[in-house]
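Thanks for coming, everyone. I'll walk through one model and pick out a few local features. Have the structure open while I talk.

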Amino acid sequence: MASYARAFWIASPRAGEIRPVAVPAPGPDEVLVRTVHTGISRGTETLVFRGEVPESQYAIMRAPFQEGGFPGPVKYGYLNVGVVEQGPADLLGRTVFCLYPHQTRYVVPSRAVVPVPDGVPARRAVLAGTVETAVNALWDAAPLVGDRIAVVGAGMVGACAAILLARLPGVRLQLVDADPGRAALAAALDIPFRLPQDADGGCDLVFHASASAAGLQRGLELLAPEGTVIELSWYGDREVGLRLGGEFHSGRLSIRASQVGTVSPARAARRSHADRLALALDLLRDPVFDALLSGESGFEQLPEVLAGLADGTLAALCHVITYGKE
């Protein structure tokens, strides 16, 4: 027999609401999960909320358990941590991560959830999808010991990439952002901070995650000859203008996109999506990631929270949504 839960829907661009939804009884290979926390993927989810997904990208940008379609009504999201209330014995009572939207309870195939390792708090585990994006970017870039690296854009994705890059021996790493307020985040991560005009050049690699043309342009300017920008930003339906004179051609510079929807070709033959996500969750044992959890609200406040993130009136890195035991 079906029961009912509540879910966040984007009714139309810039208009969110909480709706009742039917939840079926789980089958033999399924789990019923009660959500404890969800995270808001600020870049992608605010673009979806504003209705800025290009029509050509509707199929590609579908979330695994999305309902509805762009620009709306659509139920969208993919940073969900909950507790298994019904399901196989090895998962019953376990805290799990799932690429599921913002909903109080849901049923999915057992294979769609990944247990959160001991030592990783449920609240921190909402970052798993973002850390997975950073892991994929490092697989794409293949940074080397002693590389000179800049991360341009100190948001969720950029900060996660910087945390992982800082573990490489001998690297000269800098976190670059136009917002002087992000210096406090860099200090918490123990990574040197630079404003764009003060950043050090001669970089072997630049990871760009500011979702701005100015940030991408500055990333190119920071490269040494033969250097590469790993582009992590998604621009939705916005056009991006670059100045490709100067050293772009003579310096043989490169821009390479990294996208988490597929496993990096450098590892695709030996790693599955599940392997990559499990690795991301294991990396979250490090409490340094707590510096990215910059706000928290109850589920009832989600429509107002996402509207505030989308229009810039609410500043946050990863805003965590907390659920009651309904």
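Start with Arg252, in the loop between helix 7 (247–250) and strand 15. One caveat before I go further: this is a predicted model. Arg252 has a positive phi of about 55°, and it is not a glycine. Why flag that? Because most residues other than glycine have a negative phi. Is Arg252 buried or exposed? Its relative accessibility is 56%, and the cut-off for exposed is over 50%, so Arg252 counts as exposed.

There is another case like this. Asp190 is not a glycine either, and its phi is positive, about 60°. Look for Asp190 in the loop between helix 5 (183–189) and strand 12 (193–194). Asp190 has 70% relative accessibility, so it counts as exposed.

Stay with the backbone. Go to the loop between strand 4 (67–68) and strand 5 (74–75), where Pro71 sits. The peptide bond joining Phe70 and Pro71 is cis, with omega about 0°. Pro73 has its place in the loop between strand 4 and strand 5 too. The bond between Gly72 and Pro73 is also cis, again with omega about 0°. Remember the background here: most peptide bonds are trans.

Next, charges. Side chains of opposite charge can pair when their charged atoms come close. How many salt bridges does a search of the whole structure find? The count is 16.

Pair one is Glu300 with Arg6. Their side chains meet in a salt bridge, 2.3 Å from N to O. Arg6 has a relative accessible area of 24%, so it is partly exposed.

Pair two is Glu85 with Arg105. Here the closest N and O atoms are 2.8 Å apart. How do the two ends compare with the solvent? Glu85 is partly exposed at 30% relative accessible area. Arg105 is buried, at 18%. The cut-off for buried is under 20%, so Arg105 falls on the buried side. There is a network here as well: salt bridges link Arg34, Glu85 and Arg105.

Pair three is Arg256 with Asp140, at 3.9 Å from N to O. The cut-off is 4 Å, so keep that in mind when you read the 3.9 Å. Arg256 is in strand 15 (residues 254–257), Asp140 in helix 3 (residues 128–141), and 116 residues separate them. Arg256 counts as partly exposed at 36%. Asp140 is buried, with a relative accessible area of 8%.

Ser110 lies in the loop between strand 8 and strand 9 (113–115). Ser110 is buried, with 16% relative accessible area. What does Ser110 touch, leaving aside neighbours within four places in sequence? Its contacts are Asp29, Glu30, Val31, Pro88 and Leu91.

Now helix packing. Back to helix 3, this time with helix 4 (residues 156–165). Their axes come within 8 Å and cross at roughly 60°. The two helices are therefore oblique to each other. The crossing of helix 3 and helix 4 is right-handed. From helix 3, the contact uses Thr130, Val131, Thr133, Ala134, Val135 and Leu138. From helix 4, it uses Met156, Val157, Cys160, Ala161, Leu164 and Leu165. By class, this contact has 10 nonpolar residues, two polar and no charged ones.

Last stop, helix 9. Seven of its 10 residues are buried, so helix 9 is largely enclosed by the rest of the structure. The buried ones are Leu302, Pro303, Val305, Leu306, Gly308, Leu309 and Ala310. What do they pack against? The strands are strand 1, strand 2 (15–23), strand 3 (30–40), strand 16 and strand 17 (318–322). Helix 1 (42–49) is a packing partner too. After helix 9 comes Gly312, with a positive phi near 85°.

That's my tour. Questions, please.

Definitions and conventions:
Residues are numbered from 1 along each chain as its sequence is written. This is a predicted model: local features need pLDDT of at least 70, side-chain atom pairs count only at pLDDT 80 or more; totals for chains, interfaces and linings use all residues. Side-chain values use heavy atoms; hydrogens and water are left out. Buried means under 20% relative accessible area, exposed over 50%, partly exposed in between (1.4 Å probe, protein chains only). Helices (H or I, at least four residues) and strands (E, at least two) are DSSP runs, numbered from the N terminus. Contact means heavy atoms within 4.5 Å. Axes are lines fitted to C-alpha atoms, for helices over the stretch in contact, and angles run from 0 to 180 degrees between N-to-C directions. Angles under 35 degrees count as roughly parallel, over 145 as roughly antiparallel, 65 to 115 as roughly perpendicular and the rest as oblique. A crossing is left-handed if the near helix is turned anticlockwise from the far one by less than a right angle, and right-handed if clockwise. Ala, Val, Leu, Ile, Met, Phe, Trp, Tyr, Cys and Pro count as nonpolar, Asp, Glu, Lys and Arg as charged, and the others, Gly among them, as polar.
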